2 protein chains.
Amino acid sequence: MLRTHTCGELRISDVSKEVILSGWVQRTRDKGGMIWIDLRDRYGITQLMLEEGKTAPEIIAQARNLGREFVVQATGVVTERFAKNDKMATGDIEIKLTGLTVLNSAKLPPFQIEDKTDGGDELRLKYRYLDLRRDIVRKNLELRHKVAQQTRLFMDAQNFIEVETPVLIKSTPEGARDFVVPSRMNPGEFYALPQSPQTFKQLLMVSGFDRYYQIVKCFRDEDLRADRQPEFTQIDCEMSFVTQEDILQMFEGLIRHLFKAVKGLDLPEVPRMTYATAMKKYGSDKPDIRFGMEFVELKGDNDFVSGKNFGLFDSAELVVGICAKGCAEYTRKQMDELTEWVKRPQIGAKGLIYARYNADGTIKSSVDKFYSEEDLKQWAEAFGAQPGDLMLIMAGEANKTRKQLNELRLEMGSRLGLRNPDDYKVLWVVDFPLLEYGEADGRPEENRWYAMHHPFTSPKPEDIPLLTTDLGAVRANAYDMVINGTEVGGGSVRIFQRPLQMQMFEILGFTPEEAKAQFGFLMEAFEFGAPPHAGIAFGFDRLCSIFGGVDSIRDFIAFPKNNSGRDVMIDSPSTIDQKQLDELKIATKA
Amino acid sequence: MLRTHTCGELRISDVSKEVILSGWVQRTRDKGGMIWIDLRDRYGITQLMLEEGKTAPEIIAQARNLGREFVVQATGVVTERFAKNDKMATGDIEIKLTGLTVLNSAKLPPFQIEDKTDGGDELRLKYRYLDLRRDIVRKNLELRHKVAQQTRLFMDAQNFIEVETPVLIKSTPEGARDFVVPSRMNPGEFYALPQSPQTFKQLLMVSGFDRYYQIVKCFRDEDLRADRQPEFTQIDCEMSFVTQEDILQMFEGLIRHLFKAVKGLDLPEVPRMTYATAMKKYGSDKPDIRFGMEFVELKGDNDFVSGKNFGLFDSAELVVGICAKGCAEYTRKQMDELTEWVKRPQIGAKGLIYARYNADGTIKSSVDKFYSEEDLKQWAEAFGAQPGDLMLIMAGEANKTRKQLNELRLEMGSRLGLRNPDDYKVLWVVDFPLLEYGEADGRPEENRWYAMHHPFTSPKPEDIPLLTTDLGAVRANAYDMVINGTEVGGGSVRIFQRPLQMQMFEILGFTPEEAKAQFGFLMEAFEFGAPPHAGIAFGFDRLCSIFGGVDSIRDFIAFPKNNSGRDVMIDSPSTIDQKQLDELKIATKA
């Protein structure tokens, strides 16, 4: 037996017990003939004690040879501590050593194994197994485990069946790029790794499974932005014989359960906002509603600005702004910096107009040349601005300007401390457009209509006639869950009729042959008694990061890849033997 | 709202409620102006009723147009049934219809959706979504869900943390063939799909996670035998600061919990058998101990047979047999058939010697020419044979003969009805050899020493000196769990010291450079304070099939592949676009 107790469990009631502990040396102190060793494991830290003259000399000698992170087995007697430490669960006791065995030595770690470490990102990724020893990193993964547990508890109680869907599936042209897997048994052919189990969960509904869920790995071969991973985890769900309302209720229930179980928070009812409203009021389909600062249109809904010889506003499709409370005293330098901020290529605004509502009641703007104080009062009224507030205004093409102002709004929210990660605001965004014209997800190709959610999303029944007249106006029964400005989940009511699905593929530019080759099995399934069904998927890594109050999903993944898709710890991807290539009947090209 | 209740929940206490049900038409009966419809969903079947003259004519007309597997929504009033059906949970009531909506029609299914179906294997795989509608298939997946749930309950209660390990990892030469994934961002390089999360779970132990588990997909690109799948699921576990005994106790606990929770069975303590004993007594490292019929050596431990001029026995390394109780009356024809059975290429025996212990006390053998009745009495004593028993004897090279006799023993067990799938006998097989000489798992290559379990398995400490003198004699701290003759799990105490791991790679024929390139990260991790650790993995699909009393794992996988590794439903693998190949910088070869 390598231990009788963990390093987190001994208490004053255990005094005088003979125990065996095993763990890592966190630190040692050697002072005035006394030696103390902090022994650490996942469960806590226990202090070991040796005393010259009392402890056997060979044990003392061994203790003096210990280094940080050595793995040791310690035998001794639980003793009440002279100086108690009420910051430690085991702080009332220490172990008087009677035996000490080094199970494994340790080289000096390449960075400090402390909450505040001196290790850079790549170094910590290379030695991820040491990074995972740090309390805050381990706690992230413990949180993840808890979120998974609680998700399963809720889903099981709601009669959902967890079904595993295949990982080796079929490559499809729609959506992001697939990872593919050459088949040795079927030379020249490839499996693909799933971007989601979408078609399989729909088939499970056709099978009558009624309520399906799975916490499942998904894969996307995309160019990795700061916070994307080539493999990620979804809570994937589907239900039969439900409307959108049923889904929203069910998964509002899930999220409330998780907030209660994981964070101890009673979430209020989750508000709903249409996509159209979200875009108009926040310039984003995932508005952060922890703070207001809603968009106010000076030209758009109304027109307070045209005809004053200010060319920018006269020619703009939209003039829209936000009111930053209490920012009227921003200095010229601050305003210049803010203007530069919106002009950065990531945002790409041409400039920023502002109007200060001074404490003395006067209003001064950066366009005083064109607008009288009277005009500005009218603006202030529209903004609901008070003395002390700062109005920030942008102008241009409507969609672009809204997106730019969204960035500014979020930035101002951050600067004003309105985006506290411990303040949780959950939102349903509903009534997404079915289609969008332009490029597919990250793949600059020919301009055409793309499914905004995916090709299996149902149009709203009342909008079906628009499929032949005005594609851009068709709304979908699609919904996203947004927490603090981050999309954590999304889904839709699905098409379950073959003719409508066929029509959808046609709109997306599939020939009938292509549609059949790719999704013939699904459309055929729809002919054998497919029930109405709908579903949702949550980004599990993202959800965990939000519960953890941390921006990066990488901190919630045990072994993440870097921005080049590499696992720098195991050094993967890597070349493979010519023999493997030959067996697979493939060759690499320069 | 598409339904107020499921098809499994209405009872006599619900009579007179207005309800809405949705589901599939299982069957309709139309007789004497009455129509009954059995409406089915996952939860059960409810009878709908229409009556000419009472039900609205348009509803009657619609009901008469329904076909099997149509999806309908039915509105009506719960009514007490005239003729109750106590075989159905809802058999006390029926629904008097007031409304009927066809949600989707259905073509005639290509096979009967009944427990006994007329569909062949490939047809049912092609329409797997229809096969999954069959009660017995859906119940298999429900059982699987329950086994997963109960596994997680147990593991969570034991303080194990579920950690997800990566799917895109690194190809390693040891073990079975890897599936590989070309990397677009790192041209010429490949990820591999994990055959198991072995190195990652060991690194989690180095990280101090202490107790890890995961229910996880694993992948092997092997030529598929009848009951193998390219992707399969494991319950993967690892523990720190434990001995083999701790692991056996913990996972005996898991299996007892599962038997209790899933089958309602109290499993007795799990016996243990060494590999050496298993091979000697059963000719197999996974003996089926539901029945005895242990091997008896006529030449080996003893020698009752040499020197009687019977060349086969004289020259044999081993003469060994089993005693088939009550089979003395096998006819000559039956004996010929049994002899042919052991001579089939799958078994490859040269022949079969037998001796009948007749009811009258005489013994007659197929080698009476060489052995007197006195000799045969001696044999019978060795076999513990009684009048009425049949002794079946094989001879030849020891290992080969034991394997052949193992097949015969299992066959006789089956023929004698001693292998009831509802009778569960669990066994630990321990003390496996560390190494075996010959071919690797399914890959006929150069003969050399291979790790019997895997290269990370620790030799027994007392056998470490043999690593330099007698490799074949080194025993490992490795163990398998066997249920009814099937290996359901296996694991080992791991090497956690760099020098021993390096020595192991050397024995397996790795150059130091190869060892470093492939497993450098693990060996480096061992230098930063690796704790003693050990683990186990259970074949989850297999475990489910055993709980289900069914031989095939395929029945417990929602969307299995066929023996050519194809998913015939979605038609995968498939060719991919030239554009995809170009992006990946690979080419297929003829």
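Start by selecting I35(A): its bridge partner is L50(A), which sits in β3(A). Two strands are said to pair here if DSSP finds at least two bridges between them. Helices (H or I, at least four residues) and strands (E, at least two) are DSSP runs, numbered from the N terminus.

Some housekeeping before the next stop: this is a predicted model, where local features need pLDDT of at least 70, side-chain atom pairs count only at pLDDT 80 or more, and totals for chains, interfaces and linings use all residues. Residues are numbered from 1 along each chain as its sequence is written, chains are lettered from A and ligands numbered from 1 in the order in which they are written, and side-chain values use heavy atoms, with hydrogens and water left out.

**Chain A: the barrel**

Now show five strands of chain A, in the order β1-β2-β3-β5-β4: they close into a barrel with mixed pairing. Neighbouring strands of this sheet are turned by 50° against each other on average, direction ignored. Angles come from axes, lines fitted to C-alpha atoms (for helices over the stretch in contact), and run from 0 to 180 degrees between N-to-C directions.

**Chain B: a hairpin and a sheet**

Jump to chain B and pick strand β1 (residues 18-31). It runs antiparallel to strand β4 (residues 71-80) of chain B, joined by seven bridges; look for S22(B), whose bridge partner in β4(B) is Q73(B). β1(B) also pairs in the antiparallel sense with strand β2 (residues 34-41) of chain B, over seven bridges. Here D30(B) has I35(B) as its bridge partner. Zoom in on the two residues between the strands of this hairpin: G32(B) takes a positive phi near 55°.

Next, colour the eight strands of chain B that form an open sheet, in the order β6-β9-β10-β22-β21-β20-β17-β11, with mixed pairing. Its edge strands, β6 (161-162) and β11 (272-274), each pair on one side only. Select β21 (residues 486-493) and β22 (residues 533-539) of chain B to see five bridges joining antiparallel strands, with G489(B) opposite F538(B). Helix α4 (residues 135-157) of chain B packs on the sheet, touching β6, β9 (211-219) and β10 (231-240), and its direction makes about 150° with that of β9(B).

**Where the chains meet**

Show both chains. How many residues of each are in contact? 125 of chain A and 126 of chain B, with contact meaning heavy atoms within 4.5 Å. The area buried between them is about 11,100 Å², 58% of it from carbon and sulfur atoms; that is accessible area (1.4 Å probe) lost on putting the two together, summed over both.

There are 18 salt bridges between chain A and chain B, each a side-chain nitrogen of Lys or Arg within 4 Å of a carboxyl oxygen of Asp or Glu. Pick R177(A) and E583(B) for one of them, with the closest N and O atoms 2.9 Å apart. Helix α4 (residues 135-157) of chain A gives the largest share of that chain's side, eight residues.

Last stop: strand β23 (residues 586-588) of chain A pairs in the antiparallel sense with β23 (residues 586-588) of chain B, over three bridges. There, T588(A) stands opposite I586(B).
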